[in-house]
Amino acid sequence: MKRIHGIVSGRVQGVGFRYFTMHEAVNADVKGWVRNRSDGTVEFEAEGTESNLKAFTEEIKKGPKRSQVENVVTYDIEPKKNETKFRKRKTK
């Protein structure tokens, strides 16, 4: 298992981006969380197999129809191994 932390910038708030992220996480069998940040970006952590995370991040780079993703920065972090689902978290 692998876990990544990511920040998505662009027009990613107010366009259904968190719901899109949750949907794509379920499709890719990825666990973790997503939340809006006060600076207008979206932050997420995702855990799964390398191939599942790759599929997930490729969709995140596209975003939902009304969004405009400018940049997605991810880096590896320590897996938690106790995630049971993908969820929304409160804005940071």
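The expected span of a helix is 1.5 Å times one less than its number of residues. This legend set describes a predicted model, in which local features need pLDDT of at least 70, side-chain atom pairs count only at pLDDT 80 or more, and totals for chains, interfaces and linings use all residues. Residues are numbered from 1 along each chain as its sequence is written, and side-chain values use heavy atoms, with hydrogens and water left out.

**View 1. Helix α2 and its span.** Helix α2 covers residues 50-62, a run of 13 residues. Helices (H or I, at least four residues) and strands (E, at least two) are DSSP runs, numbered from the N terminus. From first C-alpha to last, α2 reaches 19 Å. That is close to the 18 Å expected at 1.5 Å a residue. Just after α2 comes Gly-63, with a positive phi of about 70°.

View 2. Leu-53, Phe-56, Thr-57 and Ile-60 are the buried residues shown in α2 (buried is under 20% relative accessible area, exposed over 50%, partly exposed in between; 1.4 Å probe, protein chains only). These four cover an arc of only 95° around the axis, so they sit on the same side of α2; the arc is that of the directions from the helix axis to the C-beta atoms. An α-helix has 3.6 residues a turn, so residues three or four places apart point the same way. Ser-51, Lys-54 and Lys-62 are exposed, on the face of α2 turned away from its buried side.

View 3. Contact here means heavy atoms within 4.5 Å.

View 4. Asp-76 and Lys-2 form a salt bridge, with their closest N and O atoms 3.5 Å apart (a side-chain nitrogen of Lys or Arg within 4 Å of a carboxyl oxygen of Asp or Glu). Asp-76 lies in strand β4 (residues 68-77) and Lys-2 in strand β1 (residues 2-11), so the pair ties together parts 74 residues apart in sequence. Asp-76 is exposed, at 53% relative accessibility. Lys-2 is partly exposed, at 23%. Side chains of opposite charge can pair when their charged atoms come close.

View 5. Arg-87 and Glu-83 meet in a salt bridge, at 3.0 Å from N to O. Arg-87 is partly exposed at 31% relative accessibility. Glu-83 is buried at 16%. Both belong to one network, joined by salt bridges that share partners. The network also takes in Arg-3, Glu-45, Glu-47 and Lys-80. Across the whole structure, the search finds 13 salt bridges.

View 6. The side chains of Arg-37 and Glu-43 form a salt bridge of 4.0 Å, N to O. Glu-43 is buried, at 4% relative accessibility. Arg-37 is partly exposed, at 22%. Lys-92 is in contact with both residues. Setting aside neighbours within four places in sequence, the contacts of Lys-92 also include Arg-35, Asn-36 and Ser-38. Lys-92 lies in the segment after β5. Its relative accessible area is 53%, which counts as exposed. Asn-82 is 10 residues from Lys-92 in sequence, and 22 Å from Lys-92 in space, C-alpha to C-alpha.

**View 7. Asn-36 in strand β2.** Asn-36 is found in β2 (residues 31-36). Its relative accessible area is 11%, so Asn-36 is buried. Beyond neighbours within four places in sequence, Asn-36 is in contact with Gln-13, Arg-18, Thr-41 and Val-42, and also with Lys-90, Thr-91 and Lys-92.

**View 8. The fold around the close-ups.** The protein has 2 helices and 5 strands. Along the sequence they follow the pattern β-α-β-β-α-β-β. The C-alpha trace spans about 30 × 25 × 20 Å along its principal axes. The radius of gyration is 12 Å, which agrees with the value near 12 Å for a compact globule of 92 residues (taken over C-alpha atoms; the rule is 2.2 Å times the number of residues to the power 0.38). Of the 92 residues, 42% count as buried. Among contacts between residues at least 6 apart in sequence, 79% join residues at least 24 apart.
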